[in-house]
Amino acid sequence: MTSPLNGRSNAAPKWKVLLAVVSMVLACSVWFLGLMDSLGRPSVAPALSLEQQELALLADPALMPSLKPLLVGQDPAKSLLETLRETPLDSLSERQTLLFASLENDPGRRKTLLETPLQTPNLRTLQETLAIEPRPRDLSSQDQELLSDNSPDPLTRRLVCQALGGEPSDCLESSAAKAASKAAARRLVLSELMPLGALLLGSLLLVRQLWLLLRRKQSSWPELQAAPLGLVDMVLLIAGGFVVLGEVLVPLLVTPLSALVARSIAAPLNQSVAVLIGYCALATPPLLILKSQLDGLDQRLLPAGGWLQWRVSPWWTALFQGGRAWLMVMPPVVLTGWLMSRFIGDQGGSNPLLEMVLNGSDPLALFLLAITAVVLAPLFEETVFRGVLLPVLGRSFGRGWSVFGSALVFAVAHLSIGELLPLLVLGLGLALLRLSSGRLLPCVVMHALWNGVTFLNLVLLGT
């Protein structure tokens with residue numbers, strides 16, 4: 001019998017309950033295996049640290065003296081050398097091995113680096129030149145010509161130049177070297193000061209919000225509007241649609257097609273195309289299941305703003321709410337990540353997309369990755385986790401448990417133990433925004449800002 005209060009049957013059919021149980025068991029197995037597998041995936045943190053140190057050293061000559069202590073420290077060359085020493089040699093690229101050899105002042109380590117076989121011809125030529133002993137005090141014209149012909153980038157040319165005996169001022173005298181240093185300085189300022197400014201502003205907004213909460217001057221939250229779906233529906237949507245179909249079965253069918261399409265495209269664009277196709281394939285089954293569930297509801301009960309409460313208009317308030325919430329969630333997420341790295345260590349398991357962006361250089365490939373990370377991911381994930389899961393949990397268990405439950409599922413779904421706690425905190429912030437605004441669009445804005453700023457920072461460091 002259908003209840004006039006919710007437009008659905010009070011009791012789910014037995015076949016649906018059985019399907020939900022099977023889906024839950026399979027989904028938990030997939031998520032457990034995925035989380036365990038994440039421990040074996042490399043972390044992007046070491047590569048990111050190296051890129052930051054390289055950018056700081058390249059930018060150092062062009063920075064104002066007042067900014068150097070904040071952005072590059074006292075000795076960026078020494079910092080980069082220490083970072084390289086802490087990185088396993090087999091994790092370094094051939095270019096980084098050459099930079100390491102150029103900076104290393106320990107004879108034993110330097111000899112090992114210069115004897116490491118490099119496959120890239122121009123890097124091998126520079127390595128062989130560095131290995132000539134004794135090294136001349138002054139840089140010869142032949143060495144200068146060799147550097148011009150074989151250096152793959154300005155930082156390599158500068159460090160090899162100095163290692164060959166050139167004075168720092170002489171190794172920076174060309175207009176190209178000066179231009180590269182200035183460009184690196186601009187990127188470094190953006191990549192360092194933009195997050196720092198956001199953290200400071202977010203901390204102030206967070207303190208203000210807590211003060212209003214303590215003084216009971218916070219505006220009341222709107223009534224939570226939930227689609228009349230049950231917990232069985234949520235299990236079928238997330239465990240069955242998102243995990244079993246989206247993450248397991250559909251990729252088995254789509255991956256060969258994606259590989260066939262990508263085979264006709266040159267790298268690295270083929271990787272970006274594969275990521276885009278894969279994400280669309282993952283999102284399709286749960287979205288189709290959700291559409292079927294919502295279409296089956298009594299449409300006479302449809303609330304103002306729709307079942308998911310997108311409430312697009314006025315759009316500018318959604319931008320403001322999402323932007324403010326993004327600033328406020330940054331401090332607790334960053335603090336959680338810092339505490340994890342300090343007391344637990346780097347657990348690895350970074351999203352492979354991060355390394356693709358960090359090492360990306362093709363504009364079209366980066367654009368496709370940006371579409372996936374900044375547009376498609378926020379739209380899909382907010383629709384599922386804050387659009388339908390959170391309200392249904394809220395109606396069944398109350399707002400507090402709905403915030404935690406939806407955030408936990410959101411964090412686990414990313415299949416990364418190393419990022420689990422920061423993602424949980426981010427999910428809590430997104431859930432609180434959904435409840436406080438009564439709308440879904442601000443959550444999409446906040447999620448897109450989080451992914452977009454992360455994406456931009458990776459591009460600035462890796463370019």
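Me: Where is the place of Arg-311?
Reply: In this predicted model, Arg-311 sits in the loop between H12 and H13. Its phi is near 45°, a positive value in a residue other than glycine.

Me: Why does Arg-311 count as partly exposed?
Reply: Its relative accessibility is 36%. Buried needs under 20% and exposed needs over 50%. The value falls in between, so Arg-311 is partly exposed.

Me: What else is found in the loop between H12 and H13?
Reply: Pro-314 lies there. The peptide bond from Ser-313 to Pro-314 is cis, with omega near -5°. Gln-309 belongs to that loop too.

Me: What makes Gln-309 count as buried?
Reply: Its relative accessibility is 4%. The cut-off is under 20%, so Gln-309 is buried. Beyond four places in sequence, Gln-309 touches Gln-225, Pro-303, Ala-304, Arg-434, Gly-438, Arg-439 and Leu-440.

Me: How do you know that the side chain of Gln-309 makes a polar contact with Ala-304?
Reply: A polar atom of that side chain lies 3.0 Å from the backbone oxygen of Ala-304. The limit is 3.5 Å, so the pair is a polar contact.

Me: Why is the pair of Trp-315 and Trp-316 called edge-to-face?
Reply: The structure holds six aromatic pairs, and this is one of them. The ring centres are 5.9 Å apart, within the 6.5 Å limit, so the rings pair. The planes stand at 80°, over the 60 degrees required, so the pair is edge-to-face. Both tryptophans are exposed.

Me: What makes Trp-401 and Phe-404 an aromatic pair?
Reply: The centre-to-centre distance is 6.5 Å, and the limit is within 6.5 Å, so the two rings pair. The angle between the planes is 80°, so this pair is edge-to-face as well. Trp-401 and Phe-404 are three residues apart in helix H16 (residues 399–412), so about one helical turn separates them.

Me: Which residues form the aromatic cluster?
Reply: Phe-242, Tyr-279, Phe-380, Phe-385 and Phe-410 form one cluster. Arg-386 lies over the face of Phe-410, at 4.5 Å from the ring centre.

Me: Where does helix H15 bend?
Reply: H15 (residues 363–397) bends by about 40° at Leu-376. A proline, Pro-378, follows within four residues.

Me: How do you know that Asp-362 caps H15?
Reply: A side-chain oxygen of Asp-362 lies 3.2 Å from the backbone nitrogen of Leu-364, at the N-terminal end of H15. The polar-contact limit is 3.5 Å, so the distance qualifies. After H15 comes Gly-398, with a positive phi near 100°.

Me: How do you know that Cys-161 and Cys-171 form a disulfide?
Reply: Their sulfur atoms are 2.0 Å apart. The cut-off is 2.5 Å, so the pair qualifies as a disulfide. The count comes to one disulfide.

Me: Why is this disulfide of Cys-161 and Cys-171 called left-handed?
Reply: The torsion about the S-S bond is about -80°, so the disulfide is left-handed. Cys-161 belongs to helix H9 (residues 154–163), while Cys-171 is in the loop between H9 and helix H10 (175–214), ten residues apart. Both cysteines are buried.

Me: What about Cys-28 and Cys-443: buried or partly exposed?
Reply: Cys-28 has a relative accessible area of 42%. That sits between 20% and 50%, so Cys-28 is partly exposed. Cys-443 stands at 0%, so it counts as buried.

Me: Why is Leu-354 called partly exposed?
Reply: Its relative accessible area is 22%. Buried would need under 20%, so Leu-354 is partly exposed. Leu-354 is in helix H14 (residues 352–358). Not counting residues up to four places away, Leu-354 touches Val-44, Glu-419, Thr-454 and Leu-458.

Me: How many helices and strands are in the protein?
Reply: There are 18 helices and zero strands. Buried residues make up 45% of the 463 residues.

Notes
Residues numbered from 1 in each chain as written. Predicted model: local features only at pLDDT ≥ 70, side-chain atom pairs only at ≥ 80, totals over all residues. Heavy atoms only, no water. Phe/Tyr/Trp six-rings, centres within 6.5 Å; stacked < 30°, edge-to-face > 60°. Buried < 20%, exposed > 50% of the residue type's maximum accessible area, 1.4 Å probe, protein only. Helix = DSSP H or I, 4+ residues; strand = E, 2+ residues; numbered from the N terminus. Lys NZ or Arg CZ within 6 Å of the ring centre and 35° of its normal. Bend = angle between axes of the 7 residues up to and from the residue. Polar contact = N/O pair within 3.5 Å; in protein donor to acceptor, adjacent residues only side chain to side chain. Contact = heavy atoms within 4.5 Å.
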